[in-house]
Each structure stands twice: as C-alpha cells, then as structure tokens.
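Subject: Structure handover

Hi,

Here is the structure I promised to pass on to you. Have a look at it first, and then read on for what I found.

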Amino acid sequence: MQDPNADTEWNDILRRKGILPPKEKPNPEEEQIVQQQQQQSVVKTYEDMGLDELEENEDEFSEEDERAIEMYRQQRLAELKATQLKNVFGEVTEISGQEYIQQVNKAGKDTWVILHLYKQGIPLCTLINQHLSSLARKFPQTKFLKSISTTCIPNYPDRNLPTIFVYHEGDMRAQFIGPLVFGGMNLKIDELEWKLSESGAIKTDLEENPKKQIEDKLMTSIRCTAPTKKDSDSEDDY
C-alpha cells in the first residue's frame with residue numbers, strides 16, 4: 001500500500017481532489033530539534049573516528065562541524081606528537097666518537113642523555129649495561145647511550161671504568177667514575193636507578209635510596225653483635 005504522507009505526484013493529485021487530507025506543515029521547533037540531534041550525532045561520530053576516517057568523511061559535515069573537526073584534528077595530532085616525543089628512545093644505543101656531538105651535544109631541547117663508557121671483559125661494565133637496558137625501557141623519554149671508552153675518548157684509562165656521564169641539553173650534569181662509585185658487583189638496578197634520578201636524568205618512583213636500607217640493616221647488625229660496656233667490665237675482672 002502506498003504511503004499517503006509520501007511526497008509523490010500521485011498523492012499531490014489526490015490531495016487536490018480532496019481524497020487525501022492536506023499535508024501537515026512541519027513544526028519549526030521540531031525541525032530545529034531534529035537538526036540539533038543530527039548535529040550531535042555527527043559530533044559523536046567524528047569523536048570516535050581516526051584521522052584517516054575524518055579525511056574520508058569530511059564532505060558529509062557542515063561548515064560548523066568542519067571547524068569543530070579541525071580543532072579536534074589538531075588536538076589529536078598534538079597528542080600523537082607528544083606521545084611520540086615521550087617514547088622516542090626506549091633502548092641503549094651504541095655510539096662511536098664521531099657520533100658523540102650529534103647524539104649528546106645536539107640531543108635536543110629538554111632531552112636528558114645518559115652515556116656509559118665501558119669495555120668488553122670488565123664484569124661490572126657488563127652488569128651496568130644490563131641494568132641500563134632495563135632502565136631505558138622503563139624511562140623511554142631519556143636517551144641512553146653506550147660507547148667503548150677508548151673509541152669515544154682516546155687513551156681513556158681502564159681504571160676509570162665503568163664511567164657514566166649525564167647530560168642535559170648538551171651540558172654535563174653529573175659523572176660517576178670508577179667501580180667504587182657503583183659499589184662493585186653488588187650493584188642492584190634499584191640502586192643505579194636512584195643514583196641516576198638524583199642527577200635529574202630520570203624521574204623514579206622509588207621513595208628512598210635502596211642502598212640506605214642495606215646500610216641501616218648493616219648498622220643494626222653491627223650494634224647487635226658489638227659488646228656492651230657491662231660485658232667489657234666483666235671481661236676485665238678475669
């Protein structure tokens with residue numbers, strides 16, 4: 001059966017003959033409500049779209065929607081750019097002496113750089129490289145580099161290894177030179193993380209120096225085993 005409300009030539013003839021009642025004129029307020037609902041629907045749609053989908057469907061949007069979409073697109077691009085900048089590193093990169101200026105001095109604005117000078121065959125250097133690989137993944141906004149010491153600095157003495165230099169915007173902010181600074185092969189990754197965080201190169205979630213906990217336990221142990229004054233006096237009586 002044909003819809004009597006449809007806009008067809010036949011229905012127009014029937015209306016002129018009085019067979020069909022005159023078509024009701026749309027209520028302006030109802031039309032406005034419908035338009036607003038359509039606009040809201042469009043907004044919800046483009047908020048759920050990716051940048052590629054927005055470009056594919058941009059012909060379907062009104063002028064007002066296009067302005068809103070452009071603002072939304074710029075916001076999304078800024079968010080993507082910020083995310084990419086924050087996660088641009090994430091690993092320890094090997095560099096040579098020729099790459100030093102580009103990788104360190106020209107690292108970029110507000111970029112922290114951690115450079116480890118090492119040599120193969122030195123166990124503590126190997127341990128620190130392992131720790132730095134984990135920290136590089138944990139703190140991808142910081143640039144982690146490593147370089148064989150004599151490749152980066154000719155005639156650099158092995159007694160100074162391992163060495164870590166910390167830079168910010170090309171300026172050296174901290175240096176850790178020699179095995180004693182790191183505590184030898186007992187160095188834990190949390191201790192290295194804390195040490196680097198004190199230089200400002202990384203933002204740790206550790207609340208206190210993990211080395212301090214070990215020192216506190218050691219001092220407690222020493223106090224417990226140390227003879228008291230009373231025990232000393234008793235020994236003097238013999």
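A contact here means heavy atoms within 4.5 Å. By that rule, residues 24 or more positions apart account for 59% of the contacts in the protein with a separation of 6 or more. Please keep in mind that this is a predicted model.

Some overall numbers to begin with. The protein has 238 residues, and buried ones make up 29% of them. Its secondary structure comes to eleven helices and five strands. The accessible surface is about 16700 Å², with 50% of it belonging to carbon and sulfur atoms.

Next, helix H9, which covers residues 189-199. Eight of its eleven residues are buried, so H9 is largely enclosed by the rest of the structure. Among those buried residues are Glu191, Glu193 and Lys195, as well as Trp194. Ser199 also lies in this helix, and its relative accessible area of 14% makes it buried because the cut-off is under 20%. Leaving out residues up to four places away in sequence, Ser199 touches Trp112, Val166 and Ala174. A polar atom of the Ser199 side chain lies 3.4 Å from the backbone nitrogen of Ala201. Gly200 follows H9, and its phi is positive, near 95°.

Strand E3 (residues 143-148) is where you will find Lys146. Is Lys146 buried or partly exposed? At 22% relative accessibility, Lys146 counts as partly exposed. Apart from neighbours within four places in sequence, its contacts include Val92, Glu94, Leu115, His116 and Tyr118.

Now for the aromatic rings. How many aromatic pairs does a search of the whole structure find? There are three. In one of them, the ring centres of Phe165 and Tyr167 are 6.4 Å apart and the planes are at 70°, so this pair is edge-to-face. Phe165 and Tyr167 are both buried. Phe176 and Phe182 form a tilted pair, with 6.4 Å from centre to centre and 55° between the planes. Phe176 is buried at a relative accessible area of 12%, and Phe182 counts as buried at 2% relative accessibility. Ring pairs also link Tyr100 with Phe165 and Tyr167 into a cluster.

Best wishes

Note on methods
Residues numbered from 1 in each chain as written. Predicted model: local features only at pLDDT ≥ 70, side-chain atom pairs only at ≥ 80, totals over all residues. Heavy atoms only, no water. Helix = DSSP H or I, 4+ residues; strand = E, 2+ residues; numbered from the N terminus. Buried < 20%, exposed > 50% of the residue type's maximum accessible area, 1.4 Å probe, protein only. Polar contact = N/O pair within 3.5 Å; in protein donor to acceptor, adjacent residues only side chain to side chain. Areas by Shrake-Rupley, 256 points an atom, 1.4 Å probe, with all protein chains shown as cover. Phe/Tyr/Trp six-rings, centres within 6.5 Å; stacked < 30°, edge-to-face > 60°.
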